[in-house]
Structure formats: C-alpha cells, structure tokens
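Please look over the sequence and the model below before reading the notes that come after them.

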Amino acid sequence: MCGIAGFLNRTAASPLTEEMLRNMTTCLAHRGPDADGFYFDGQIGLGHRRLSILDLSSAANQPMFSHNERYVTIFNGEVYNFQEIRDQLGLRTRTTSDTEVILEAFVQLGPNFVQLLNGMYAIAIYDKQTGQLDVFRDRLGKKPIYYYLDGATFAFASELKSVVNLAPIRRRLTVDKEAVNQFLYLGYIPRPRSIYNEIKKMDSGAHIRVTATEFTESRYWKLEEKIAPQVLSDETEAKRQLHDLVRTSVQYRMISDVPFGTFLSGGIDSSLVTAMAQSVSTTPVKTFSIGFDSAKHNESSFAAAVAQHLGTDHHSFTVTEREARESMAELATIYDEPYADSSAVPTLMVSRLARQHVTMALSGDGGDELFHGYGMYTWANRLAKSSVNLLRHPARLVMQQMSNRYKRVADLLNYPAQERLRSHIFSQEQYLFSEREIAKLLKPGLSSLPTLPEHWPAPRTLTPAEQQAIFDMQYYLQDDLLVKVDRASMRYSLETRGPLLDYRIAEFALNLDPALKVKDGVSKYLLKQVLYDYVPAHIFDRPKWGFSIPLGTWLKKDLHYLIDEYLKPQVLEQIGFVRPEVVKELVRRFEAGEDHLYNRVWLLIVLHQWAIMHNL
C-alpha cells in the first residue's frame, strides 16, 4: 500500500511543475515511508510514495516502466492474485511485485485487464506515445482517488490534502454547500462530492480516461448489477461456499514479504478472519486489540479469549481515555474534510500500536453490511409494514414525551418520504440530524438536501433489509468505514487488508437468502456458523458493542471545551453555515439530559473546527 499523486497538463498554459509534483507527493509521505519516485516530462507528472510489502528491492519501486518502455504506472494497493495473472498471461517478469504484473497485463489486454484483478487498488497508467492517462479504482472503493478537472489540468491523489496542496488549484476552491448538508445528515460526505465543489471522489469500480481534449469516466463493475434473479437458500451448500470463499480470501491476503497480523476485537468478523488466518498459518498469527480503561468500552477480554482458543501471538493494549481524547485532535488533519465517525479514534490507536510489530494487518470490515449485522436492517423491515406506517405519526407524538430511548425511536418514525427512507434510517440510527432538523438548522441558501440515489433496479424483489444493506454498501461502507480505516492505518504506514470485502464474497452475500443472514433472531447467522467451526459460540454470547468511545460523556466533561470553542455565537456567525439560536437550543437540550443528541453536537463541532482550520 502506498500513496500516489499526479497531474496531466492538458494545455501548454497549465502551470503545474515538477516542483509542485514533488510537494504534493510529499503530502503523502506517511502512506509510503520506504521510497519515493517521480516521473515528469512537462505534460505528465506522476509521484509515488512506497510502503514496501511485496518484493522489497528497489527494482519494484515506482513509477515503473513497461518492458516496451511505452507505459509508466503508479499504483496504490495490492492485487492478491497477481501470480495467477502472470501465469495465465504467460508474462516474464523481472520482479516479484504485483505492480509489474498489473502494468504488463494492461500492455497485453488494455483497459479490460482490470477484470482480472482481485484486490484493492488505485492505478494510474500513462501512455507516453499518445499522451493518454488511464486511472482505475477497485470494485468496492477500498483505495481512494480524489481528482480535479478543468480545461487545462487534471490532477489526482490518494488523499484530498495532496490535490489541495497545488497552489493554482487551491486558489480556485469553493466550499460545496450541498456537501455540508449531506455531512450533517450522514456524518460523512458521499462520493462523488468532496467538501470542495472543484474536487471529486472517483467512483468505485470505475475507469477514468483523460487526454488533452477528452475526459470519460465509466464503470467496469457495479454492485447493483451483481444481484441475481434467485437467492441461495440451501444452508449446507451456502455454508460450504462461504467457508471456501473466506478461506481463499484470507490466504490471498496473507501473501506478504513483511510481518503481518490481524486486528482482533473479539467480535464475529475479526474473529472469523483471525481464525481462518491461524488455520492456514504454520506459526502463531500476531493479533492486536485495544481496550479502554473504562470497563463499558473494553472488549479486550473477549479478544483475549478468542486469541487463547486459537493460539495466536496476542498483543492487548489498554489505553486511557486521556490518550484517546488527545488523538481526537489529529482527526481534522488526517481526514482533510468534515468527517464525524468517532470510531476513527480507536482505529487510529490500534493502528499505531500494531505498527510497532507489523507492517500489514487483516481486518474484519464488511461483515455487518454483507450479512445484516446492524439493527437498522430490523428497522427497515419494521417501517415497511403498512400498520407501522399508519400509526407512526400518533406513536411519534407520544414517544417524543418519553425517555431518550423512545425519543430516538420517534426520530426514526419521522421520515419525510419513502424516497429517502434508506438514508433517513441510517441517519437516525447514527443519532444524526434529520432532513427536517437540517432545514431549520442551516441558514438560507444552505438548506436543500441533494438527492442521493437510494433505489436500484433488481431482477428479484428485495426485502427492505436487503435494500437497506445495499444502501450501506454503496455509501456507508465505502465513504465512511473504508475511509476511516485507510486514513487511520496509513497515518502510521500500516497496510490494512479486508478479506470479507473480496468482491467474490460481496457477490455471494448479495445473493444469499436473507433467511440465512438473520435466522430465528440471530443476525449474521451463516457467518457465525462458519466461525463456530473454529471458535466456540459461547465466547460470543454477549451484546454487540461496536468499536466505540464514550463520546457523549466526554462532550459533557473533558471535551466540553470543544463546544465552548467551536459552537460559540461568534464562530457560528463567522462561518455562516448555521443559525446560532438553533445550535444554542440544541446544546441546552443536550446538557439538560437529552443524551441522544451527542452526535448532532459532535457534527457541528467537527464542521466548524474544519472551517476554522481552513480559514473560512
């Protein structure tokens, strides 16, 4: 895993220089501390920061040139089946790196080569003969690409900060007010938007081709197009297929020339990944977990129980709340735009601690979205019932007068339209602002919530839970969770691989009978059946907690200064996004005991902290 940056000067008037290329690449030094490399010919600039995982020799450094010297590439990520592709195409390689195989496959097959790849990747390939630049992003959006386009310039990078570093571009940037609205609604900014109107996020499963005169973006893989007319309902066969898929996926992701381990929270997903890794390893796998000194948020004992059963080389770290709070100061600079997922804090900390022992780690990301592990899928089924829809308004009025728990349910029942039901369920399950709340909160000119596609045609009738899960896979997984892991782990130059997000497993899960995802009230049923062949079920007999911090409590105590600093009337007026009187009332209610409002308060802090840092 690495960092890439580059640009194409589309006209002679484009002002981007080799020095600018080096500066924007330096912004990504944390993603690749082992080597840097540059290619600049006046028209194209390609920069690379390398984190060496495969073929540690300098021969595998980038930019890398094709054997025929016509093409040059930079690449971020890993292609796990590169050895199979090499053999299939009969390639004679000079290195043992996946980069060389990727480039020579492109030379032989053209853009269709991407269909062969199994991995996480952001790839840029430049044709020196035609001046054509091709950029590819992996199917599920694990590796990021931000880009800027105008008539004179195309610029791209692994992180937003790298593109913003280009002074000629930075001077033109304006805040996307619709992105501000989406952030308050979702807690992150979904692609293709970024916080800036002029910079976009490349779509997943996409191919961009750009020349001096043309720009096209097409999709070579779409999640929704992988939905089959029939589901797999035979439990025995489904379990066999899932077991084999997870096993081969883990084996792929264990290919490495550096030490590796797994993140082990003690939950279902990370435990399954760890169990599979240990089952095919000849030595104890290194495992890493963290716990807070606050017992309510400490799952390290459960992780230790799994590790002991599997016989891993386990490393457990207990961190103080003070250490966790201090790491929150890094979030604004790591994520570059407003980003409110506070679970980034423990992700940062476990990445930092794991990096002391390994260079690569496996994670359990994706299990909840693929196999229905979230409570919001239950709500999706409930809210689809005609009886609930008929009674939701009177029920909501009653619940608004009850405890915080019921006020949250009242918020869920208060959806504006079926067209936005998926995003509404997500927003309220995450304790964020509803569409109606945002309309009252934002100043005039900022209150229009942009349309986000929430429904996709399918060859079979999908259950409400399936539709909600597809929404999460399209947005929450890709634009929040994978962003969180990528930035947090790469902050410490740690590569993170997610075996459950192998596209083959994603396609399998899309077409698994929902009755095998949730059975007799047991969520992630089939995934658990595979796991229980390796680890006893009783170890997991506890409520689902998630990777969280006690943010609500902190905001009332040690982090209250953030409210005082960023939500005071002077700051709110200066930035000009929200109505100060509405924020004042929100803070009053939160401090008076409406604890469920904590994430709304946090959203506003994050937004205004970002604005102040960027001198808005």
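The notes below describe a predicted model, and they go from a sheet to a helix and then to some backbone details.

**The sheet and the helix packed on it**
- An open sheet is built from 6 strands in the order S2-S3-S1-S9-S8-S10, with antiparallel pairing, and its edge strands, S2 (35-40) and S10 (199-201), each pair on one side only.
- On average, neighbouring strands of this sheet are turned by 10° against each other, if direction is ignored.
- Within the sheet, the antiparallel strands S8 (residues 146-149) and S9 (residues 153-157) are joined by 4 bridges, and Tyr148 stands opposite Ala155 in S9.
- Helix H1 (residues 18-26) packs on the sheet, where it touches S1 (2-9), S2, S3 (44-50) and S9, and its direction makes about 155° with that of S1.

**Helix H26**
- Helix H26 (residues 598-613) has 16 residues and should span 22 Å at 1.5 Å a residue, which agrees with the 22 Å between its end C-alpha atoms.
- Of the 16 residues of H26, 13 are buried, so the helix is mostly covered.
- After H26 comes Asn615, whose phi is positive, near 55°.

**Cis peptide bonds**
- Gln62 and Pro63 are joined by a cis peptide bond with omega about 0°, and Pro63 lies in the loop between S3 and S4 (64-65).
- The peptide bond from Arg191 to Pro192 is also cis, with omega near 5°, and Pro192 lies in the loop between H6 (177-186) and S10.

**Positive phi in loops**
- Asp336, which is not a glycine, has a positive phi of about 70°, and it counts as buried because its relative accessibility is 8%, under the 20% cut-off.
- Ser493, in the loop between H19 (464-490) and S17 (495-497), has a positive phi near 55° and is buried, with a relative accessible area of 9%.

Methods:
Residues numbered from 1 in each chain as written. Predicted model: local features only at pLDDT ≥ 70, side-chain atom pairs only at ≥ 80, totals over all residues. Heavy atoms only, no water. Pairing = 2+ DSSP bridges. Helix = DSSP H or I, 4+ residues; strand = E, 2+ residues; numbered from the N terminus. Axes fitted to C-alpha atoms, helices over the stretch in contact; angles between N-to-C directions. Contact = heavy atoms within 4.5 Å. Expected span 1.5 Å × (residues − 1). Buried < 20%, exposed > 50% of the residue type's maximum accessible area, 1.4 Å probe, protein only.
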